[in-house]
Amino acid sequence: MAVEKVDLTGARETLLMTLYGKALESRLPNSLLQDRFADEALRKIDYDFARLKVDANLGLGFAIRAKTLDVCVADFLARYPDAIVLHLGCGLDTRVFRVDPLPGIDWFDVDYPEVVELRRRLYPSRDRYHPIASSVTEPDWLAAVPRNRPAIVVAEGLTPYLPADEGPRLLARLVSHLAGGELMFDAYSRFGLKLMRLNPAIKATGAEVHWAIEDPRDLERAVPKLRFIGEIPSYKPEQGARLGWSARLFVGLWKLIPAMRKVGRLLRYRF
């Protein structure tokens with residue numbers, strides 16, 4: 001088996017954190033995500049994953065977030081069989097394989113050129129899958145994306161790494177280019193960003209986080225075509241029961257204390 005030497009730094013390196021967590025969770029006998037492509041990719045990569053200090057709780061958290069978004073994407077595609085999927089800052093996520101869309105769907109994954117090249121070496125090709133090698137904040141890449149079809153836009157683990165002024169500009173370009181659809185992403189409050197900076201994996205990579213979203217409706221004012229639908233529930237009781245005691249305590253506080261609920265949320269918009 002060919003081994004891929006990976007040399008990424010900063011925010012790019014954090015994609016190894018999420019890959020590792022999802023792969024570990026997928027090895028469990030009661031796996032929620034069952035992501036064999038992530039597990040196979042992990043075995044091909046030459047990298048010291050131990051330095052990221054990803055534990056079972058964090059891996060399960062990544063899997064719960066990913067599964068929640070997978071279900072939302074699949075639901076949208078069931079309603080719009082001629083849709084496109086636009087996955088921003090895809091990293092090494094394998095959502096296109098997990099959702100496995102029907103032949104009428106075109107899927108676009110966007111990330112830095114070195115990340116897209118690594119994906120090409122790790123994952124099989126498939127019909128109507130279109131990798132776009134670009135920073136998401138560069139405006140030119142959108143020219144490759146159809147304008148006349150319903151679109152589901154997903155950004156998982158991306159927004160905190162964007163400069164605070166670039167985030168709204170990116171969303172404005174998206175909704176101006178696309179015919180209409182939905183947008184889903186995870187967002188973090190200022191306190192949430194402080195907690196992220198304490199994460200051992202974030203410290204190990206040297207990644208910086210910038211963009212905090214306190215009020216989801218602020219984006220409606222910044223990007224007038226957006227309409228906030230609501231938060232996407234992620235933690236279900238049967239999933240939370242698999243967490244360790246410290247993570248269960250955090251989830252309990254997250255549910256009870258309004259400020260904690262703003263730490264990290266999955267937000268959904270229509271445009």
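About 30 Å³ of space lies in the second largest cavity of this predicted model. In total, the structure holds 2 cavities of 30 Å³ or more. The largest cavity has a volume of about 60 Å³. The second largest pocket has a volume of about 220 Å³. The points below take the cavities, then that pocket, then a helix pair.

**Second largest cavity**
- Val-153, Leu-171, Leu-174, Val-175, Leu-178, Leu-183 and Phe-271 form the lining of the second largest cavity.
- That lining has 7 nonpolar residues, with no polar and no charged ones.
- Helix α6 gives the most to the lining of the second largest cavity, with 3 residues.

**Largest cavity**
- Lining the largest cavity are Leu-88, Ala-155, Leu-158, Thr-159, Leu-162, Leu-170, Leu-171, Leu-183, Phe-185 and Trp-211.
- Two elements each give two or more residues to this lining: α6 (166-177) and β7 (181-188).
- By class, the lining of the largest cavity divides into 9 nonpolar, 1 polar and no charged residues.
- Leu-171 and Leu-183 line the largest cavity, and Leu-171 and Leu-183 also line the second largest cavity.

**Second largest pocket**
- The second largest pocket is lined by 13 residues.
- Leu-33, Gln-34, Lys-67, Asp-70 and Arg-98 lie nearest the centre of this pocket.
- Elements giving two or more residues to the pocket lining are α2, α3 (56-79) and α4 (95-99).
- Helix α3 gives the most to the lining of this pocket, with 4 residues.
- The pocket lining divides into 7 nonpolar, 1 polar and 5 charged residues.
- Charged residues number 5 in the lining of the second largest pocket, whereas the lining of the largest cavity has no charged residues.

**Packing of α1 and α2**
- Helix α1 (residues 10-26) and helix α2 (residues 36-44) pack with their axes 8 Å apart, at an angle of about 120°.
- That angle makes α1 oblique to α2.
- The two helices, α1 and α2, have a left-handed crossing.
- From α1, the residues Leu-19, Tyr-20 and Ala-23 meet Ala-38, Asp-39, Ala-41 and Leu-42 of α2.
- The residues of this contact divide into 6 nonpolar, no polar and 1 charged.

Definitions and conventions
Residues are numbered from 1 along each chain as its sequence is written. This is a predicted model: local features need pLDDT of at least 70, side-chain atom pairs count only at pLDDT 80 or more; totals for chains, interfaces and linings use all residues. Side-chain values use heavy atoms; hydrogens and water are left out. Axes are lines fitted to C-alpha atoms, for helices over the stretch in contact, and angles run from 0 to 180 degrees between N-to-C directions. Angles under 35 degrees count as roughly parallel, over 145 as roughly antiparallel, 65 to 115 as roughly perpendicular and the rest as oblique. A crossing is left-handed if the near helix is turned anticlockwise from the far one by less than a right angle, and right-handed if clockwise. Contact means heavy atoms within 4.5 Å. Ala, Val, Leu, Ile, Met, Phe, Trp, Tyr, Cys and Pro count as nonpolar, Asp, Glu, Lys and Arg as charged, and the others, Gly among them, as polar. On a 1 Å grid over the protein atoms alone, a cavity is a set of points where a 1.4 Å probe fits but cannot get out, and a pocket is an open set with protein on both sides within 12 Å along at least five of seven lines; lining residues have an atom within 4 Å of a point. Grid points are joined across faces, edges and corners, and a volume is the space filled by probe spheres set on the points.
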